[in-house]
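The report below goes through selected elements of one model, beginning with a helix and its surroundings and moving on to sheets and side-chain pairs.

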Amino acid sequence: MARADARVVARRAAALVHRHVAGREGALREAATAAVGAGRCLGARVGEAATTTVIASATATTTSAEVAAAGGGAGAACALGSRAACCDVIGTRGAAHATAAAAAAARGEFAACGALSGVPVAAALSSSAATLAFARGSNTLLLTGAWPGLVHEQRLRYVAGCFGAANNAAHTMAALTTSAKTTVSATTATTTPAIPMHLRAISSFSAAAAGAGGAKRGASATASKPKTHWARVVGATLMGSAMTVGVLLSTQDPQTISKWSFTAADACTPFLRLLDPEVSHRLALLSAELGLVPHEHRPDPPSLCVALWNRAFPNPVGLAAGFDKDGRAIDGLLGMGFGFMEIGSVTPAPQPGNPKPRCWRIPERGAVINRYGFNSEGIAAVAERLGAQQGRRRAVEKPEGLKTGKDRAAAVARAGRRGLVGVNLGKNKWTDDAAEDFVQGMHTLAQYADFLVVNVSSPNTPGLRKLQGRRHLHGLLKKVLAAREEMQWGEEGPPPLLLKISPDLSQQDMADIAAVALSLKLDGLIVGNTTVSRPDSVLGLLHADEPGGLSGRPLLEPSTHTLSEMYRLTKGRITLIGCGGIFSGADAYAKIRAGASLVQIYTSMVYEGAGVLPRIKSELAECLARDGFESVEDAVGADHRAAALPVHA
């Protein structure tokens, strides 16, 4: 089609805009159909000129909400016709269109407002880069013109109308079309000239988005009324709401966004607890995998940086094994601000774990009982996943020119680097030779791990805890360490090997484990796993008699006692990680004073949400400052040093 013919089609679209018979849905569809026909054959400059023609014609009549809606739809349709036109309009004129639309709304020229809005909305449909440009350009629009006159709910609808179209989702389009019809009908039914400006602006923008959707479907669209699918409507509403929040947050600094996102995540936690524990766990993991969890932009206090094993931890608070068993959500979880995380337990062969149900909450005591039984996708699947993500999640590299561990840790914190990743190794339920399973895990996964953990303390795998005996443990760890030495390593050396032990050990068991750890020069111990005992505080409560491992608040005291004993028995020469019952910075600080260099949380997030992580870090930094410690390392084992001081009369 020649350019002259294209202009004729554009003028036809403009003429259709003038058809403002109340309730005539056909005017919208015909305008969009004619304009998209023009857009398909127009180049960037001519497409812009045709759009300008529609805008100018639409502005001539400003008394009807339907005219405004049709203007938005036609303007959007014109911009939809050419990717070049879209990129040109949005890339160089997005902010100008947004500003002009806001000014038009402020003057009451709602047709111009609708048409102007249609251009960047439609342009955003064609390119993800254009969508981002539109988001930046729209900040001006959102903060001027009609925006101050909108209440919260109306702002959500306003932004969802624009960005629902920009998301280019069929479900969103269907919902927005229904929303636009309702809004336009409600507005046109009002005969009084005193229609509130924000309501008319909502009508313009929502209908512009709907017009863009009609244009996307092209000339094949029919006049039949689409069937409403409520699942799609709900999904579109949620999607639009999420985009709305994104727009609002785009005007704030990253640290404020982090604060708000953690608050929002905490608000969702009570609703997750209404679900079955394992279902809510899967939903939380999926959210982290998709990046729908808070992202921490606030720097950790320098006092929280920890240097261990020639590696730098941004802070000492980690995520315990069991949450992400197969390494699916490493980026999302570390992005929340953990200093490190532990995936697993990972078994050599895939296994489903124990039959369901296998997890219960005891909310009265902030506790959880589980008997998952090492459900795992197997080391092959986990290795493939970790290998693909290695560039993003690999250990923090040693900064050049920094000699001390504290300097390296501080440099890591300043650089904003993320935490480290450990892999927890387990054995298959049917395996007779446990050492063989752990050696296989070492050979396959060690290259991807910042540290490795041998788990011989889960209460949910028959016979596993027997491996904590001195003779069995020594032989098993010796084979695993030998397998590590057989492998070739770079300048950084092999990953540290840790042992995860039970909090239910007798005094003799603890002494035996300490002797083995010292004789084999083990890199560290994690104290500890879940407990099979049932403290008096949980007896008689619902689900308390379920077999399995207990975690949460009741585990704080016994696990800290075991931690303190292991620090004493190893004379502080073995790195300890404290795990069990940590719900506050004071709890973490108590474990550090008892001998832990790092700590891990899990159950506290079940009850208090993601916001417990930044709160624990903040409170821990306050505890260190209160007692005059410049770093976590200075506070490790402080209770033992205080007990060793002579008492003067």
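This is a predicted model: local features need pLDDT of at least 70, side-chain atom pairs count only at pLDDT 80 or more; totals for chains, interfaces and linings use all residues.

Buried stands for under 20% relative accessible area, exposed for over 50% and partly exposed for what lies in between, with a 1.4 Å probe and protein chains only. Residues are numbered from 1 along each chain as its sequence is written, and side-chain values use heavy atoms, with hydrogens and water left out. Helices (H or I, at least four residues) and strands (E, at least two) are DSSP runs, numbered from the N terminus.

Just after α21, K571 takes a positive phi of about 60°.

## The parallel barrel

The strands close into a barrel of 8, in the order β3-β4-β7-β8-β9-β10-β12-β13, with parallel pairing; two strands pair if DSSP finds at least two bridges between them. From one strand to the next the twist averages 25°, the axes being lines fitted to C-alpha atoms, for helices over the stretch in contact, with angles from 0 to 180 degrees between N-to-C directions. Between β10 and β12 the parallel pairing runs over 4 bridges, and V527 stands opposite G578 in β12. Helix α19 (residues 470–486) packs on the sheet, where it touches β8 (451–455) and β9, and its direction makes about 155° with that of β9.

L525 is found in strand β10 and is buried, with a relative accessible area of 0%. Leaving aside neighbours within four places in sequence, L525 is in contact with residues including L498, I513, M566 and L576. L525 and A596, which are 71 residues apart in sequence, lie 9.5 Å apart in space, C-alpha to C-alpha.

## The open antiparallel sheet

A sheet of 3 strands is open, with the order β5-β6-β11 and antiparallel pairing. Because β5 (359–362) and β11 (549–552) stand at the edges with a single partner strand each, one side of each is left without a neighbour in the sheet. Neighbouring strands of this sheet are turned by 20° against each other on average, direction ignored. The antiparallel pairing of β5 with β6 (residues 367–370) extends over 4 bridges, and R361 stands opposite V368 in β6.

## Aromatic rings

The structure holds 5 aromatic pairs, defined for rings of Phe, Tyr and Trp (its six-membered ring) with centres within 6.5 Å; planes under 30 degrees apart count as stacked, over 60 as edge-to-face and the rest as tilted. The rings of W309 and F313 have centres 6.1 Å apart and planes at 70°, so this pair is edge-to-face. F313 and F340 also form an edge-to-face pair, at 5.6 Å centre to centre and 90° between the planes. This pair links distant parts of the chain, with F313 in strand β2 (residues 311–313) and F340 in strand β4 (residues 340–346), 27 residues apart. W309, F313, F340 and F451 form one aromatic cluster.

How values were computed:
Contact means heavy atoms within 4.5 Å.
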